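Okay, thanks for coming, everyone. Let me put the model up and then walk you through it.

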Amino acid sequence: MTRATVTVNPAAVAAKRKLASSFRRRGIMVALFSGLAYGFYTAFMTLGMSKGVWVEWYGENSGLSTFAVLYLLGALGAATTDTCSALWAIVIANVRGRFSDFLRCIKTKPGMVMVAAAIIGGPLASTAYVVGLQMAGSLVVPIAALCPAIGAILGRVWFKQQLTPRMLLGIAICFAASFMIGSTGLGDNVPDNLMLGLFFGFIAAFAWGVEGCVCGYGTSMIDPEIGITIRQVTAGISNLFILVPLFAIIAKVDAVGMVVQSFTDTESILWFALAGLSAYAAFMYWYKGNAMCGAALGMSCNGTFSFWGPFVCWIVLGVVFKFEGWTMPPIAWAAAVVMVIGIFIIAVNPLDLFKKSNEEVASI
């Protein structure tokens, strides 16, 4: 027998490489957009919690205890945003004819994994993130962006995933950036609860790191549109019907009345609706970007929210609405950029990207 020879068309190979390169570049742009959308989610949610009935709740004559102001309002803000995001997800799934897929997938094992991850990333991470924002402003955003570094560490501990010297370097850079941000609390004219706010930002990063580890299994088997719908619906329900009532019982206030006021307040609900849409876009395009350019590169592109978060908050809250306290010192801006570099080094080997670029150029 003679082995048949296969002739490879160089033009076809070049066309295939060009198509793959174009698809990958689009994936990078999608993942980068997810980081920008996360910045708008942060800004619009904070703006909603600064309007209408929220001004009364945060006022000195609200009658709410310190616990209620710090934790109940944080949970309620996160619940309002996540519920709006869940409604956006359901509407979009219905419009695209995917709602039946959502109902079917949520009952499967990967779907339940997504539910478990959403409970961790919803009530715990979202509330900690909101509380941190109220205490320390946009400085919390780069701290919360530690989640990829924490996820890499947890992946090593739980799933015995490899931590290369390059990844350890990236993790060290991320934590060095967090210490740069923490150092801003050593000077004068800083928020009273700055360090406590940064601590809550770290809690959010840890919970999102756990969610990232757990979601790796679920998202590998579920379409991103269905996965994000499962994630947002679970987060909205768990926040609204578990965490808010629990904190309300502790604070001895009427949870139902406050929830109704939050969703019917005409001055603030528009901003929560925009925050919910931005949150949907942030997670949706993160999942989609990961699918198009790989989870590692997609994660590093999404991690640019450590810069986009403070930047969008500064523009929307500081410049447009003239709120005080939304500027960041130069060291914090530098730390945000350093954080992006650290996340990038954790996710991908820069030398590999350079090699791929050279190969793409050579194939054209």
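Quick definition before we start: when I say contact, I mean heavy atoms within 4.5 Å. With that, tyrosine 129, setting aside neighbours within four places in sequence, is in contact with Tyr38, Tyr41, Thr42, Met45, Val140, Val141, Ala144, Ala204 and Trp208.

Some housekeeping. This is a predicted model, where local features need pLDDT of at least 70 and side-chain atom pairs count only at pLDDT 80 or more, while totals for chains, interfaces and linings use all residues. Residues are numbered from 1 along each chain as its sequence is written, and side-chain values use heavy atoms, with hydrogens and water left out.

So, the overall picture. We have 16 helices and zero strands, taken as DSSP runs numbered from the N terminus (helices H or I, at least four residues; strands E, at least two). Of the 364 residues, 51% are buried, and buried means under 20% relative accessible area, exposed over 50%, partly exposed in between, with a 1.4 Å probe and protein chains only. Among contacts with a separation of 6 or more, 85% join residues 24 or more positions apart.

Back to Tyr129. Together with Met45, Tyr129 touches the most other members of the largest nonpolar core, which has 95 residues. Helix α12, residues 266-293, gives that core its largest share, 11 residues. A nonpolar core here is a set of buried Ala, Val, Leu, Ile, Met, Phe, Trp, Tyr and Cys residues joined through side-chain atoms within 4.5 Å.

Last stop: isoleucine 315, in helix α14, residues 305-320. Isoleucine 315 counts as partly exposed because its relative accessible area is 30%.
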